[in-house]
Amino acid sequence: MTISYTGLRTRDDSGLIATGEARPLLSWHPVGARAYTVEAAADAAFDEVIASLTTERTFDVPLPGPALASREVRWWRVRAVGEEEWSEPCRVEAALLEAGDWTARPVTVPAAPDAVPLLRREFALPQGILSARLYVTALGLHQTWINGALVSEDLLEPGWTEYRDRLLYATYDVTGLLAEGRNAIGAAVADGWYRGPLGWFGRSAWYGDRTALLAQLEVETVDGCVVVGTDETWRGGTGAVASAGLYAGCTTDLRNEPRGWREPGFDDRDWAAATTLDLPAGLEHRSMPAVRAVRTWPVEVVADGRLRLDTGQNLAGYLRVTATGPAGAEITVRHAEVLDDQGELHTAPLRSAASVDRYTLDGGRAVLEPVFTFHGFRYAEITADPEVRIDGVEAVAISSDLRRTGRFSCSDERVNRLYDNVIWSQMDNFVSIPTDCPQRDERLGWTGDIQVFAPTACRNSDARSFLRNWLRDLAIAQYPDGKMPHVVPDILGDLGDWGSGSTGWGDAAVGVPWALYEAYGDLETLRDQYASMRAWVDWGASRLDADRVWSAGFHFGDWLDPGAPSGDPARAAVPTPFTATAYLSHSARLLARIAGLLGRAEDADHYGALGDAIADAAWKHLGNKAIETQTGCAMALRFRIAPDDERHAVGERLAALVRARGGRIGTGFLGTPLILHALTETGHHEEAYLLLMNERCPGWLHQVGQGATTVWERWDAIGEDGRIHGGDMDGGGPMLSFNHYAYGAVADWLYATVAGLSPAAPGWSAVSFAPVPGGGLTWASAEMDTPIGRAAIRWETGDGSFSAEVEVPPGATATVTLPPGDWSSLRLNGRTLQIAPVLDLGPGVHRIALSSSRS
Ligand code: BGC
């Protein structure tokens, strides 16, 4: 029987032609073999084998042979030991791995804030072009063309990193864009995150006051290699894009487009000579997917004296407008997430992020879209001069183009809408970095938000390389004493104590790498982030008082607890010293497990004991007060703060608190991801479903009931009376986003408990099927494209019966925990079995049928 090998990939899933990893990590789906051979060669025919290895692993296996050299191409293939057939050959190509590989230097021309200068150069190529690579990045953002063709559809390149220490570049295969003889390369460069305004306090030029392009084109020809790099021979000019800012939007006057500047033969003698800058530090090849247009759909324009649009979906992106009109005619596009009670765009929550695109036509028909910006919006309004005709509008949603891995659905459309809202909020906030929101003058890498959402994000998508990239910046941004900034990349550092060191937020240093380990079996990231994790826990421990309680310093606490004063979201019901101390205990214990996995036995003992001692202190000194609140109970259970003999009582207490509020949730950013799991693990399924299915405010389905298409920042962003929250913050502009994913952590419970699918071991090498029907659901299903293949479940329940079909990936083991119920008969794959609470299953598809004596 021929084996087909699937899932062959490298850790670097940038989709680029080359990688910056000198030792790429390889993975493939197991085929049920004991071991595998991996072979590497210099050629696709494997005539020149470089090395091979045999391994039992199928995940993160180093490419055989020495580390790759810059520009080196190597092929690899795999087969099960004892088998003849090999997998398809796979190709890896190294990018520029040494700083010394760069002969090009960044080029810049003077440009006003928000301006978008153009840079170009012409060059000649001999006959016999074999292949060509463009290595390119910018201080700012760039779009680059060769002979008039865009080198890629990647957006907002090179993305946002801690630019002072780390700047990403990309490699493109541009062989097909070149010609013998005259060629031209040109780029537009914008401020982006590098020089544009960041945050709500109106400061710009965070990383530098001159934008620049760095490009190195290497053309292999029959006569050798021709290198065309950015240098003093480049020239700079201005084009149609007058200004572009991430928050502000984009202003384009098509009449100012210099015709032909992207092609050879353009006369640029009046353009300015470019000057060069030093090579930036920390040039690193992008190893995660690019930001791309991921969804596009037509939007109807409602012309009632004004041109209004409802895209039907809150998104991060922009509108592509096709319009016809005379030269000089103007078109303006404004955006908002919601309409106010007059039906007007409610733009106040955008604060200083104007999010307005302006166009001036140059006569005739034009397809208009902004560049170097994006907006967070559902609704828009177009204002156009009377002589303009709008021929069509499309909504374009952008996101870091991660591979979708998880899907969930059930018999209740409201819950399905909630799940879709979570997917959209993740997509809209995974734009180069994980942000809090995509619309206002924030859009920052808030650590706390991704800390609570990371496990869910890793179910929904293959988020490994994306979050690994962000974690590298987290370690860079961390303070020397281990304190963690609130946002990464860090732009709040100057705000002193307020700007760093909060519980739940800083814990992203431990929680996010742990989420990657659980979801993907990713030991490498644990290893790479270990020093950062330990520094955070040590810093936290240094804050403890004599009672081992963390009571001092600023913390966000259970942020946006629905009971907190709307102007002071940090004033949650659960005492913040409890959340701070409990979270530190949790992180110390996680660090102990991680130390154990990495063979650091001493650290494992130390942090294990530290975590236990802090837990005891939290319970002893703050437990009673804490369990008067939903978050306190949930945290006491999920973080094992409550001693084992108290867990039942705390579970009872939590269930009572939920019933007392009629199923209305009472938790903020830190309690919400924990509460449903805490109820389930203490057997309070009914109360968990009471929370999920509650349509009153605050609650997930209240948002759905109010027409939400993404997850809201505040539970009461829109009240039961339909009124929009003022968003008032003591001493700041309105804080009111309709697109924050923190409360979207509910999807983790939808996968694990409603559908019943979760990993029982890191990387899904063991799968747990533990569905708990409830809330009136008659069926639910979930599937996961795990690192080792597809896992799935679909169950149906009816009067006294329950049936399920489950799929276990090859090479995995699985357990099925039967749903609660007094079952009288069990059939597995058509065979009748003794009723047992847990079934063990091997790879493949299995059918389970339960019935009770009632049916
Ligand atoms: C952000 C949140 C963040 C919070 C912490 C808000 O402004 O939008 O995402 O977690 O501040 O204060």
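Predicted model: local features only at pLDDT ≥ 70, side-chain atom pairs only at ≥ 80, totals over all residues.
Figure 1. Helix α11 covers residues 672-681, and nine of its 10 residues are buried, so the rest of the structure largely encloses it. Follow the chain just past α11 and you'll come to Gly-683, which has a positive phi of about 80°.

**Figure 2. Asn-314 sits in strand β25, which spans residues 307-325.** Is Asn-314 buried or exposed? With a relative accessible area of 2%, Asn-314 is buried, because anything under 20% gets that label. Its side chain has a polar contact, at 3.0 Å, with the side chain of Glu-337. The Asn-314 side chain also reaches a piece of backbone: the oxygen of Phe-738, at 3.4 Å. Setting aside residues up to four places away in sequence, Asn-314 touches Glu-337, Gly-376, Phe-377, Arg-378, Trp-424, Asp-428, Thr-709, Thr-710, Phe-738 and Asn-739.

Figure 3. Now look at some distances between side chains and ligand oxygen atoms. A polar side-chain atom of Asp-436 is 2.6 Å from a ligand oxygen. For His-740, an N or O atom of the side chain lies 2.8 Å from an oxygen atom of the ligand. For Trp-505, the distance from a side-chain N or O atom to a ligand oxygen is 3.1 Å. How much of the ligand's accessible area does the protein cover? On its own the ligand has 300 Å² of accessible area, and the protein covers 96% of that.

**Figure 4. Trp-160 and Trp-193 form one of the 35 aromatic pairs in the structure.** A pair of aromatic rings is described by how far apart the centres are and by the angle between the planes. Where in the chain do the two partners come from? Trp-160 is in the loop between β12 (149-150) and β13 (167-173), while Trp-193 belongs to helix α1 (residues 192-195), so to speak a link between distant parts of the chain, 33 residues apart. Trp-160 and Trp-193 are both buried.

**Figure 5. Trp-446 and Phe-556 meet edge-to-face.** Their ring centres are 5.6 Å apart and their planes are at 75°, so this pair counts as edge-to-face. Trp-446 comes from the loop between β33 (433-434) and α3, and Phe-556 from the loop between α6 (523-541) and α7 (576-597). That's 110 residues apart, so the pair links distant parts of the chain. Trp-446 is buried at a relative accessible area of 7%, and Phe-556 is buried too, at 2%.

**Figure 6. Arg-105 lies in the loop between β7 (90-93) and β8 (107-108).** Arg-105 is partly exposed, with a relative accessible area of 31%. Its side chain reaches the backbone oxygen of Trp-102 at 3.3 Å. Which residues does Arg-105 touch, not counting those up to four places away in sequence? They are Leu-213, Leu-214, Thr-230, Asp-231, Thr-276, Leu-277, Asp-278 and Leu-279.

**Figure 7. Leu-523 is part of helix α6.** Leu-523 has 25% relative accessibility and counts as partly exposed. Apart from neighbours within four places in sequence, Leu-523 is in contact with Tyr-517, Leu-597 and Leu-598. If you go looking for Arg-358, you'll find it 165 residues from Leu-523 in sequence and 48 Å away in space, C-alpha to C-alpha.

Key. Residues numbered from 1 in each chain as written. Heavy atoms only, no water. Buried < 20%, exposed > 50% of the residue type's maximum accessible area, 1.4 Å probe, protein only. Helix = DSSP H or I, 4+ residues; strand = E, 2+ residues; numbered from the N terminus. Polar contact = N/O pair within 3.5 Å; in protein donor to acceptor, adjacent residues only side chain to side chain. Contact = heavy atoms within 4.5 Å. Areas by Shrake-Rupley, 256 points an atom, 1.4 Å probe, with all protein chains shown as cover. Phe/Tyr/Trp six-rings, centres within 6.5 Å; stacked < 30°, edge-to-face > 60°.
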